[in-house]
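Visitor: Hi! Could you walk me through this one? I'm new to reading structures.
Guide: Happy to, here it is.

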Amino acid sequence: MVNSPQNPRQDLDLTSFSAADGQPVEWLISDAPVPYPEAVAAMEARVAQIAAGEAPELVWLLEHPPLYTSGTSGKDSDLLDARFPTFATGRGGQLTYHGPGQRVAYIMLDLKRRRPDVRAYVASLEELILRTLAAFNIRGERREDRVGVWVKRPDKGSEHEDKIAAIGVRLKRWVSFHGIAINVEPELEHFAGIVPCGVADPRYGVTSLVDLGQLVTMTDVDVALRQAFEELFGPTTALVPEAAV
């Protein structure tokens with residue numbers, strides 16, 4: 001997604017994504033890795049329920065076993081080494097990697113009653129990541145020509161940057177799903193099997209919180225992520241891990 005310099009994402013108003021009725025968003029954390037097809041099926045079902053007014057909104061935090069996903073703009077040529085299963089998916093974006101040590105947050109919100117603005121929603125997800133990283137003294141940055149969140153890496157050379165978090169969303173009846181992935185401590189070498197998000201420039205790589213020297217746990221990240229989410233989107237209520245999506 002490329003945005004006009006006259007209307008960059010960082011200038012969008014992100015203050016109006018709280019639900020007017022103040023109903024809390026359910027917050028679910030899965031402890032065991034979730035197979036990708038199972039996660040997509042669960043999201044599809046929950047999104048239909050949310051759209052029909054039959055279930056609350058949901059944020060689902062999980063990890064996947066090692067795999068690649070290809071979004072609606074994915075190119076076969078970006079799959080360099082099919083060392084893991086590859087799944088075509090309906091989210092926006094190109095190829096990305098998911099695996100242990102990466103916090104995936106699938107965010108299912110009814111934008112029709114919050115704010116029906118896809119560009120502002122994507123910007124709000126970027127802001128969610130930026131605030132989460134800031135809790136660990138990491139300065140993430142937006143790039144108008146590259147969706148996701150990036151950190152400067154002067155230690156690697158002039159103009160070098162690494163991606164620390166990815167974003168890919170889909171909407172059905174104005175209910176969002178898919179979401180964000182923050183690299184906490186994944187095996188970064190696994191990204192070498194693809195051209196991540198179609199960015200082939202050698203100045204742009206991939207990093208993680210631990211790679212940047214932050215010795216944090218997944219639980220630490222979850223706490224910061226929830227606090228940032230509530231600042232942007234409103235209250236949440238925790239579900240027990242056994243709760244069904």
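This is a predicted model: local features need pLDDT of at least 70, side-chain atom pairs count only at pLDDT 80 or more; totals for chains, interfaces and linings use all residues.

Visitor: Okay. How many bridges do β9 and β10 pair over?
Guide: Eight bridges, in the antiparallel sense; two strands pair if DSSP finds at least two bridges between them. The two form a hairpin with two residues between the strands, and arginine 173 in that hairpin takes a positive phi near 55 degrees.

Visitor: What else does β10 run antiparallel to?
Guide: β6, with five bridges joining the two. There, valine 104 stands opposite alanine 181 of β10.

Visitor: How many of the residues of β10 are buried?
Guide: Nine of its nine, so to speak a mostly covered strand. Buried means under 20% relative accessible area, exposed means over 50%, and partly exposed is in between (1.4 Å probe, protein chains only).

Visitor: What about histidine 178, buried or exposed?
Guide: Histidine 178 counts as buried, at 2% relative accessibility. This residue is in strand β10, and has a positive phi of about 60 degrees although it is not a glycine.

Visitor: And where is asparagine 137?
Guide: In the loop between α3 and β7 (141-143). Asparagine 137 also has a positive phi, near 60 degrees, without being a glycine. With a relative accessible area of 71%, asparagine 137 is exposed.

Visitor: You mentioned α3. How many of its residues are buried?
Guide: 13 of the 17, so α3 is largely enclosed by the rest of the structure.

Visitor: What span should helix α3 have?
Guide: At 1.5 Å a residue, the 17 residues of α3 (residues 118-134) should span 24 Å, and the end C-alpha atoms are 24 Å apart, which agrees. The expected span is 1.5 Å times one less than the number of residues.

Visitor: What caps the N-terminal end of α3?
Guide: Aspartate 117 does, with a side-chain oxygen 3.2 Å from the backbone nitrogen of arginine 119.

Visitor: Switching to α1. Which residues are buried there?
Guide: Tyr36, Ala39, Val40, Ala42, Met43, Arg46, Val47 and Ile50. They cover an arc of only 165 degrees around the axis, which puts them on the same side of α1. That arc is taken from the directions from the helix axis to the C-beta atoms.

Visitor: What follows α1?
Guide: Glycine 53, whose phi is positive, near 75 degrees.

Visitor: Now the inside. Which residues touch the most other members of the largest nonpolar core?
Guide: Ile107, Tyr121, Leu125, Leu128, Ile180, Leu209 and Phe229, out of 39 residues in that core. A nonpolar core is a set of buried Ala, Val, Leu, Ile, Met, Phe, Trp, Tyr and Cys residues joined through side-chain atoms within 4.5 Å. Among the elements that give two or more residues to this core are β1 (25-29), α3 and α4 (218-233). Apart from it lies another core, of 19 residues, among them Val40, Leu58, Val104 and Met108.

Visitor: Why would such side chains gather?
Guide: In soluble globular proteins, nonpolar side chains tend to be buried together.

Visitor: One more, glutamine 102. Where is it found?
Guide: In strand β6. At 2% relative accessibility, glutamine 102 counts as buried.

Visitor: What joins the side chains of glutamine 102 and histidine 98?
Guide: A polar contact of 2.6 Å. The term covers a pair of N or O atoms within 3.5 Å; within protein, one must be able to donate a hydrogen and the other to accept it, and residues adjacent in sequence count only if both atoms are side-chain atoms.

Visitor: And which strand pairs with β5?
Guide: Strand β3 (residues 67-70), in the antiparallel sense over four bridges. Tyrosine 68 stands opposite tyrosine 97 in β5.

Terms used. Residues are numbered from 1 along each chain as its sequence is written. Side-chain values use heavy atoms; hydrogens and water are left out.
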